[in-house]
Amino acid sequence: MDTSGDGFFAVFPDPGRAIGAARRIQAELRDLDLNVRIGIHVGDCWVADDKCTGLAIHVGARIAALARPDEILLSAAAKAKAGSSYCFSDRGEASLKGVPGRWHLYAVAADASRTDGVSRGA
């Protein structure tokens with residue numbers, strides 16, 4: 001939907017589809033020897049001048065900034081709506097630059113079949 005610097009922003013109907021797209025993006029870019037950081041959040045936003053805006057957009061960008069290379073990082077709100085198809089590692093709470101409060105974050109497990117120390121779904 002939009003770009004900023006070397007990043008881009010996309011909208012999905014639900015976090016599960018965002019995770020699926022994120023995994024496909026990472027796989028394609030890995031073949032080019034590129035690692036990407038991906039942040040996923042759910043929240044209210046609106047379109048103005050063909051651009052999506054709102055606090056949720058900033059939260060997602062700040063979450064992406066905290067992700068490690070080749071990591072998909074989610075807010076607790078996104079994890080809760082992602083369903084049980086994915087496994088997550090608890091990354092604890094973090095402050096997001098310019099966003100009030102502390103935010104609990106989760107990383108999508110690289111191997112969905114893993115069960116050690118990883119929670120499944122909501």
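In this predicted model, the second largest pocket has a volume of about 190 Å³. Twelve residues line this pocket, and D70, E71, V108, A109 and A110 are the closest to its centre. Helix 1, strand 6 (71–75) and strand 8 (99–108) each contribute at least two residues to the lining of the second largest pocket. Helix 1 gives the most, with three residues. By class, this lining divides into five nonpolar, two polar and five charged residues.

The largest pocket has a volume of about 1200 Å³. Its lining comprises 37 residues, with F8, F9, A10, G39 and G60 nearest the centre. At least two lining residues come from each of strand 1 (2–4), strand 2 (7–9), helix 1 (15–30), strand 3 (37–40), strand 5 (51–53) and helix 2 (55–66). The greatest contribution is that of helix 2, which supplies seven residues. The lining of the largest pocket contains 22 nonpolar, nine polar and six charged residues.

Of the 122 residues in the chain, 33% are buried. For contacts between residues at least 6 apart in sequence, 61% join residues at least 24 apart. The accessible surface of the chain is about 7400 Å², and carbon and sulfur atoms account for 50% of this area.

Definitions and conventions. Residues are numbered from 1 along each chain as its sequence is written. This is a predicted model: local features need pLDDT of at least 70, side-chain atom pairs count only at pLDDT 80 or more; totals for chains, interfaces and linings use all residues. Side-chain values use heavy atoms; hydrogens and water are left out. Buried means under 20% relative accessible area, exposed over 50%, partly exposed in between (1.4 Å probe, protein chains only). Contact means heavy atoms within 4.5 Å. Accessible areas come from the Shrake-Rupley method with a 1.4 Å probe; for residues, only the protein chains shown count as cover. On a 1 Å grid over the protein atoms alone, a cavity is a set of points where a 1.4 Å probe fits but cannot get out, and a pocket is an open set with protein on both sides within 12 Å along at least five of seven lines; lining residues have an atom within 4 Å of a point. Grid points are joined across faces, edges and corners, and a volume is the space filled by probe spheres set on the points. Helices (H or I, at least four residues) and strands (E, at least two) are DSSP runs, numbered from the N terminus. Ala, Val, Leu, Ile, Met, Phe, Trp, Tyr, Cys and Pro count as nonpolar, Asp, Glu, Lys and Arg as charged, and the others, Gly among them, as polar.
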